Amino acid sequence: MENYLEINRKSWNAKVDAHLQSDFYFVEEFLNGCTSLNSIELELLGNIEGKSILHLQCHFGQDSISLSRMGANVTAVDLSDKAIEAGKNLAEKCNQKVEFICSDIYDLPNVLDKKFDIVFTSYGTIGWLPDLEKWAKVVSKYMKPGGEFIIAEFHPVVWMYDDDFENVSYNYFNEKPIAETYEGTYADFSADIVQEYVMWNHSLSEVFQNLINENLEIQIFRELDWSPYPCFKHIEEFEKGKWRTIKFGNKIPMVYAVKAQKKSSN
């Protein structure tokens, strides 16, 4: 899939307008000060006042701006040029200073030379990347010694199922690219969008081992039986802001979160 970057850039560019207008991204409330961050990542982030944060795969930057509102100095990166432009516009409307960079994650070392207190990424990010060894090297490159990496992500068990959660249709492990065409978008299933995309499934061991190989020490690992987003089909809200599949209830993990620290070199 040598052209996966261009396929996925077009896919994400096509989503931007629909996402900005969707209830899923609650832009009007966000402009009025509502945070886009969830309790899952907020607990791992803690007090970030004055800290430098690199936000990888930021979409149009709601989380980036929310981090900035908490007092962090934020640099936000995304593949989609249209999303980056929307992020700049959103940050300006929110009167927040966020540095936005349009770049493929693997190419970021060619355009950004800086170290950060925290590297952050969340929800539906690493599945767009074919090689987690390269990803972990980029994460590590941008962490100060003693710096933190925080990821909240959908659990790989969820990606084994088809969209209706009827059958196990995909391999838990990173066997091959998953190239498909999708109608609508997770933020609005009825959106008039038909898009190609290319993704990869990544097991927990693939995530952890590549981070460990880059001198990161796993400090916190959590698995949760709910999603903070209604971005799947056939789900129900069992508590405010918490969704589970109707079929499985609390029987499967839906999200995991990790906090890791970069060990100082001896």
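How does Glu-85 count at 47% relative accessibility: buried, partly exposed or exposed? Partly exposed, on a scale where buried means under 20% relative accessible area, exposed means over 50% and partly exposed is in between (1.4 Å probe, protein chains only). Notes on the rest follow.

1. Ground rules. This is a predicted model, in which local features need pLDDT of at least 70, side-chain atom pairs count only at pLDDT 80 or more, and totals for chains, interfaces and linings use all residues. Residues are numbered from 1 along each chain as its sequence is written, and side-chain values use heavy atoms, with hydrogens and water left out.

2. The Glu-85 bridge. Glu-85 pairs with Lys-88 in a salt bridge, 3.6 Å from N to O; the term asks for a side-chain nitrogen of Lys or Arg within 4 Å of a carboxyl oxygen of Asp or Glu. These two residues are three apart in helix α5 (residues 81-93), so about one helical turn separates them. Helices (H or I, at least four residues) and strands (E, at least two) are DSSP runs, numbered from the N terminus. Lys-88 is partly exposed as well, at 39% relative accessible area. As background, side chains of opposite charge can pair when their charged atoms come close.

3. Bridges across the sequence. The structure holds 10 salt bridges. One of them joins Glu-43 and Arg-222, with the closest N and O atoms 3.2 Å apart. Glu-43 belongs to helix α3 (residues 39-45) and Arg-222 to strand β8, so this bridge ties together parts that are 179 residues apart in sequence. Glu-43 is exposed, with a relative accessible area of 55%, while Arg-222 comes out as partly exposed at 34%.

4. A buried bridge. Lys-259 and Glu-148 also meet in a salt bridge, at 3.4 Å from N to O. Here too distant parts of the chain are linked: Lys-259 is in strand β11 (residues 255-262) and Glu-148 in strand β5, 111 residues apart. Both Lys-259 and Glu-148 are buried.

5. Aromatic pairs. Rings of Phe, Tyr and Trp (its six-membered ring) pair if their centres lie within 6.5 Å; planes under 30 degrees apart count as stacked, over 60 as edge-to-face and the rest as tilted. By that rule there are 22 aromatic pairs. Among them is the edge-to-face pair of Phe-154 and Phe-232, at 5.2 Å centre to centre and 85 degrees between the planes. Phe-154 lies in strand β5 (residues 143-154) and Phe-232 in the loop between β8 (216-224) and β9 (235-239), so the pair ties together parts 78 residues apart in sequence.

6. Charges over rings. For this one, NZ of Lys or CZ of Arg has to be within 6 Å of the ring centre and within 35 degrees of the ring normal. The charged end of Lys-15 sits over the ring of Trp-12 at 3.6 Å from its centre. Lys-141 does likewise with Tyr-142, its charged end being 5.7 Å from the ring centre.

7. The cavity. Searching the whole structure gives one cavity of 30 Å³ or more. On a 1 Å grid over the protein atoms alone, a cavity is a set of points where a 1.4 Å probe fits but cannot get out, and lining residues have an atom within 4 Å of a point. Points are joined across faces, edges and corners, and the volume is the space filled by probe spheres set on them. The largest cavity holds about 100 Å³ of space. Its lining has 13 residues, with Ile-126, Gly-127, Glu-153, Phe-154 and Trp-159 nearest the centre. By type, the lining splits into seven nonpolar, five polar and one charged; Ala, Val, Leu, Ile, Met, Phe, Trp, Tyr, Cys and Pro count as nonpolar, Asp, Glu, Lys and Arg as charged, and the others, Gly among them, as polar.

8. Most residues other than glycine have a negative phi. Phe-26 has a positive phi of about 35 degrees; this residue sits in the loop between α1 (4-21) and α2 (27-31) and is partly exposed at 23%. Tyr-123 has a positive phi too, near 55 degrees. Tyr-123 lies in the loop between β4 (116-122) and α6 (132-141) and is buried, with a relative accessible area of 11%.

Terms used:
On a 1 Å grid over the protein atoms alone, a cavity is a set of points where a 1.4 Å probe fits but cannot get out, and a pocket is an open set with protein on both sides within 12 Å along at least five of seven lines; lining residues have an atom within 4 Å of a point.
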